[in-house]
Amino acid sequence: MCGIRCCILDQRSDAINQVDWDLDEVHKIPQWLERRGPDEQQSILLPIISNEEETSNDHNPTSDQKWLLLQASVLCLRPTLIAQPVAISKSSIASRKAGNRHTDDSEQDQDTPLAYFCWNGEIYPNELDIDSPKDRSTAHVSEQGESDTHWMAQKIQTLLLKDTESSDDDLTKHLADTLLSSHDLQHAEFAFVLVMPHRQSIFYGRDGLGRRSLVLQSTTTATADAASNGSTNHSSPENTARTIAAHVSWQVSSVVDTDFASASDDCYQVEEVPPSTIFHCNYHTGQSNSYTWKAQPSQLQFTEMPSLTSLGFSSALLESSQEQHHYCRQLHHLLQNAVARRLVWNIATGERHSKCAVLFSGGLDSVVLAFFALKLCPNVELVNVSFVLKHHEGPQEHESNNTPHDPPINSPVIPMEPTLGKKVKQKKKAMKKRDGSSGSPTAAIAADTKAAYGSLEDLKRLFPDRKNLELIHRKVSWEEIEAVQKDRIPHLLYPKRQEQKSSGKDQSNNSNQHAMDLNIATALWFAADTTSKDTRILLTGLGADEWLAGYGRHRQAYLKGGHQELRQELQKDQERLWERNLGRDDRTLSDFGKEVRYPYLDAHVTEYLGSHVPLEHICHFDDNSSGPESLPGDKRLLRLLAQDIGLVSASKAVKRAIQFGSRISHVVDKQRFGSRRKANKSMQKKKE
């Protein structure tokens, strides 16, 4: 994974060449970029020379001009570290040597680069099959452990040498064909920037679902002038950074620039780059175009699966229909391969990552992922966070009070609601009066944490050899929440924060949406922070609800208009996933140098569920608790799978949004409004 940044500095004669803005400051990698890629950071500065200056040979570097700044940080997950940006020339592909952190055009070799390339992506093996391994001699080069960045640079080099006379429009289309429709990249998730100085062009884009964040920022000349006039007389590092940011007229990057985020929303336009599209911008003329790749019907073939008994399935599924057998077998097979695809980095040797973490709520989606991860990865961390007003809140007989990272000790399974005697009832009443909780002795234990311990017992039973299998549970206090929700999390939320502020249709709904995004991002941020320092891969269950009908609105859609209405609602959720979830989650979870991976968004899994499985086998909303073992109707197919591989607790788990299951909404509302009820009343008044 990487952090990438490409920006245009609109130089003013009174700013860029002043003594208080030296070249080292221009090249300096921002902290928000460095945190995404702690292993290597580099920078390239290129002058933007007009055609008139180029022909007159009268270019004066001290006059007003524009500069193009390209920066990247690298989180290395392969044996060979490839520093970025990568210089692609006719005869070679080269990254700057480690330690040479920045360069400018005067340092270029005689073999002038055709392009500079920044790649934040991962190319997963296409044909990986844990049940039936393929002939490893046929694996393409990216499947043999080579750096994805170098492999992609080679493909782009081939394209550029072939398309030397192509127009910008044609080259945009050819890049889209290479990046979005290539069979080799059907499982790739990425964001990229390609700069071609001789064309004065920038190309950029995201994969078909938008799993890697890419944000476009722009400002007006008037805004830059105003900001510049207010900051050029100060030489502190903070003001120097603001001066540089004030001269950024255009930028595309993994995360919004901190100085953009701290400025007035009226001054800057910030937006997520849409997925499945390659964009082109001529930075001299300002002209732009794009090419959107339309997915074609896949030729994916689903082979006959092994029998249920050979996969370890038990009673409930064997008693259901033969058709249900088939769909469950396929889903088991595809999900297992989806997880394996994200853990095996060299299909030629079978080598895999030695450590990963699962964001473990104890719910259905995360427990199924944990099951497959434990089958494939030597070291799996199950990470769970919950939120309290103070660190001493909650029954200490189940929780260690040494550090917020310590897992609870002794009894791992916490009862949902014990039988209460008279004295306990009195204590319950006192607790309710004191802190506004539901009053249960276990009320301060988050629902997700309770569920996590129940599911942990299932996993321990299924993996008896994993003696060190424990839940890494962290309790986060209001003080910690408040500290990061002031600046750090809002910065990572952009552009969602700006979108919510700019919409004037329903301010109360916007406020609710912002509070929800802020709380979700905070929970994810602390979860990433709770993992071990050397754990770099995070598995998350995002996508399961959107493809398996896991939200309450899916039930309502079905009750309103049957499977047709439900299909439309699912499609709407799938199409807006990039805008509502993926960018936010990538920016938040990657803030600690981690890479988040989404097995439920695997190309084979989404295609199978979206095009090959009838909705009546995916969910069952006619009766909320019908079928084998009275399973809930949402995500029925996945529940059957979970039940029959032994994940009994998870198969019956009720869907809880992370902000409620972790209790962060409870803690925030109580601290800011006094109680959840008062918070709801406040929102109601805004509506009125």
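Ser276 is buried, with a relative accessible area of 11%. In this predicted model, Ser276 sits in the loop between strand 12 (268-272) and strand 13 (277-282). Its phi is positive, about 60°, although Ser276 is not a glycine.

**Positive phi in another loop**
- Gln200 is a residue other than glycine with a positive phi, near 55°.
- The loop that holds Gln200 runs between strand 8 (189-196) and strand 9 (201-206).
- Gln200 counts as buried because its relative accessibility is 13%, and the cut-off for buried is under 20%.

**Cis peptide bonds**
- Gln84 and Pro85 are joined by a cis peptide bond with omega of about 0°.
- Pro85 belongs to the loop between strand 3 (66-74) and strand 4 (86-88).
- Tyr494 and Pro495 are also linked by a cis peptide bond, and here omega is about 10°.
- Pro495 is placed in the loop between helix 15 (488-493) and helix 16 (496-502).

**Gln217 and its polar contacts**
- Strand 10 (residues 215-219) contains Gln217.
- With 0% relative accessibility, Gln217 counts as buried.
- The side chain of Gln217 makes a polar contact of 3.2 Å with the side chain of Ser253.
- The Gln217 side chain also reaches the backbone nitrogen of Asp257, at 3.3 Å.

- Trp345 is part of strand 15 (residues 344-346).
- The relative accessible area of Trp345 is 15%, so this residue is buried.
- Between Trp345 and Glu122 the separation is 223 residues in sequence, while their C-alpha atoms are 9.9 Å apart in space.

Key. Residues numbered from 1 in each chain as written. Predicted model: local features only at pLDDT ≥ 70, side-chain atom pairs only at ≥ 80, totals over all residues. Heavy atoms only, no water. Helix = DSSP H or I, 4+ residues; strand = E, 2+ residues; numbered from the N terminus. Buried < 20%, exposed > 50% of the residue type's maximum accessible area, 1.4 Å probe, protein only. Polar contact = N/O pair within 3.5 Å; in protein donor to acceptor, adjacent residues only side chain to side chain.
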